[in-house]
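Please examine the complex shown here alongside the report that follows.

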Amino acid sequence: MLEVKNLKKSFGSRVILDDVNVTVKDHEILSIVGPSGAGKTTLLRCIAGLETADSGEFLIDGVPFDPAASDTSESVIGVVFQDFNLFPHLTVFDNIMLAPTMVLKKTKDEAKSEAEQLLNDLGLNDKGDLYPHQLSGGQKQRVALARALAMHPKILCYDEPTSALDPNLRREVEKLILGLKEEGMTQLVVTHDMDFAKVIADDILEVNSLDQANQK
Amino acid sequence: MSIHYVSEILPSLFQGAGLTLQLFFWTLIGSLPLGLIVSLGLNSKIKPIKWVLDIYVWLMRGTPLLLQLIFVFYGLPLIGVVFERYDAAIFAFILNYGAYFAEIFRGGLQSIDQGQYEGAKVLRLSYWQTIRKIVIPQVFRIVLPSVGNEVINLVKDSSLVYVIGLGDLLRAGNIATSRDVSLVPLLLVGVIYLLMIAVLTYILRKVEQRYSYK
């Protein structure tokens, strides 16, 4: 279970997050919904350690952790970015295997067989040797997902998983996320698409205007 | 332009070309890593580092290489730093080319999308792992054509070492030309430069092909 308590973040004098509380229960999906500019991406970036919160507490299974700490090889949060941020100079295999070998110190063989398994599960079994630019948007997203999963995160976060894709791929993304839920993954999905959120989420956090972010 | 005459002067020209190539080689060995480190410093958030490096780049790009050679060889001994001719030349060349490479790399570094750093960060890669595995390979590909340009310039710039009395290819040709009152040696010098640069151009093309992923 991920808990965020009393999270505050401002940029200069602009208050983006004021006392936000978030709870993501184990094996569930929490969707954070709101219009653009409401701070939902900032919230996700704080949880992922890409922004430093001004104040607030982060707990995983009741134990505090610092999302921005990079000295731990323990992977708490995995992120699938809006535009995926795949490494363009590396093949799909190398994108997935890089962190497991460099950070988790797995052997190449171990990392490779895990990567193969992940690609298989995601229907990308023949794409391992391709470069990101040779993939479609949906395939890129699944590679980004595989790359995050290879680090065995406790929570998987998505930033606008439907926005960089063709609208008719929305169903695919829904299936993907719900499929992972069945396998027991705890997930947090930031989206502006309420319909999408309603389909996938167990719980929805609406961030309308900044100060009234409250979990229903 | 008899064959006999050509074969007579070629050995001295080759000797000069040897020095040119040595200078070329050691300058690259020293200036490419130097340029990389300086470029990381130029992008640093620590202001004093950036200022010092800005001044270094300004000095090196703002004065002629010829002048820098003279200062290193004749000027530095005045404050107690004495170099052999050859070492002085390599030292000055590394400093000068390091600054140019730093500027090229700085541009390359800035063209790397912030998302690449963030992608690496959430995968828990350290700063140096990110630089080594994500940033440098991409920068390398971006800067390769500009670096190639400088590398080719370096072959010809190395002829400036005559000013501190080193005998490179051009100087060898000059000596033969004034001794024999003939332009043939300089013609040969031109041909040798062209050949060296043809080989370099070929290698650079191959490297570019090897590292292109698009």
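The report takes up model confidence, the two chains and their contact in turn.

## Basis and confidence of the model

This is a predicted model, in which local features need pLDDT of at least 70 and side-chain atom pairs count only at pLDDT 80 or more, while totals for chains, interfaces and linings use all residues. Residues are numbered from 1 along each chain as its sequence is written, and chains are lettered from A and ligands numbered from 1 in the order in which they are written.

The predictor assigns the complex an ipTM of 0.89 and a pTM of 0.82. Confidence per residue is given as pLDDT, on a scale from 0 to 100. Chain A has an average pLDDT of 88, with 94% of its residues at 70 or above; chain B averages 92, with 99% of the residues scoring at least 70. Where pLDDT is low, the predicted coordinates should not be read in detail.

## Overall form of chain A

Chain A contains 6 helices and 10 strands. The C-alpha atoms of chain A fill a box of roughly 45 × 40 × 35 Å along the principal axes. Chain A has a radius of gyration of 17 Å, which agrees with the value near 17 Å for a compact globule of 216 residues; the radius is taken over C-alpha atoms, and the globule rule is 2.2 Å times the number of residues to the power 0.38.

Of the 216 residues of chain A, 45% are buried. A residue is buried if 20 or more other C-beta atoms lie within 10 Å of its own, exposed if 12 or fewer, and partly exposed in between, with C-beta atoms placed from the backbone. Two residues are in contact if their C-beta atoms, likewise placed from the backbone, lie within 7 Å. Among contacts in chain A between residues at least 6 apart in sequence, 69% join residues at least 24 apart.

## Selected sites in chain A

Helix α4 (residues 137-149) of chain A has 13 residues and reaches 18 Å from its first C-alpha to its last, close to the expected 18 Å; the expected span is 1.5 Å times one less than the number of residues. In α4(A), 10 of the 13 residues are buried, among them A:K140, A:R142 and A:R147. The cover over these buried residues includes β6 (77-80), α2, α3 (108-121), β7 (155-159) and α5 (170-182) of chain A.

A:V189 lies in strand β8 (residues 186-191) of chain A and counts as buried because 26 other C-beta atoms lie within 10 Å. Beyond its neighbours within four places in sequence, A:V189 is in contact with residues including A:I29, A:Y158, A:I177 and A:I200. The C-alpha atoms of A:V189 and A:C157 are separated by 5.8 Å, although the two residues are 32 apart along the chain.

Two residues other than glycine have positive phi values: A:F84, near 70°, and A:H152, about 50°. A:F84 is in the loop between β6 and α2 of chain A and is buried, with 23 C-beta neighbours inside 10 Å. A:H152 is in the loop between α4 and β7 of chain A and is exposed, with 12 other C-beta atoms within 10 Å.

## Chain B and its annotated spans

Helix α4 (residues 85-110) of chain B has 26 residues and reaches 38 Å from first C-alpha to last, close to the 38 Å expected. Of the 26 residues of α4(B), 19 are buried.

An unreviewed UniProt entry lists "domain: ABC transmembrane type-1" at residues 17-204 of chain B; UniProt annotations may be inferred rather than shown by experiment, and their positions are given here in the numbering of the model with feature names shortened. In the model, this span is 81% helix and 0% strand, and its end C-alpha atoms lie 20 Å apart. UniProt (unreviewed entry) also places "transmembrane region" at residues 23-43, 55-76, 88-105 and 183-204 of chain B. Residues 55-76 of chain B are 86% helix, with end C-alpha atoms 19 Å apart, whereas residues 183-204 of chain B are 95% helix, with end C-alpha atoms 32 Å apart.

## Contact between the chains

The contact takes 20 residues from chain A and 18 residues from chain B. On the side of chain B that touches chain A, α5 (114-122) and α6 (127-157) of chain B each supply at least two residues. By class, this side of chain B has 6 nonpolar, 6 polar and 6 charged residues. Ala, Val, Leu, Ile, Met, Phe, Trp, Tyr, Cys and Pro count as nonpolar, Asp, Glu, Lys and Arg as charged, and the others, Gly among them, as polar.

Key. Helices (H or I, at least four residues) and strands (E, at least two) are DSSP runs, numbered from the N terminus. pLDDT is the predictor's confidence in each residue, from 0 to 100.
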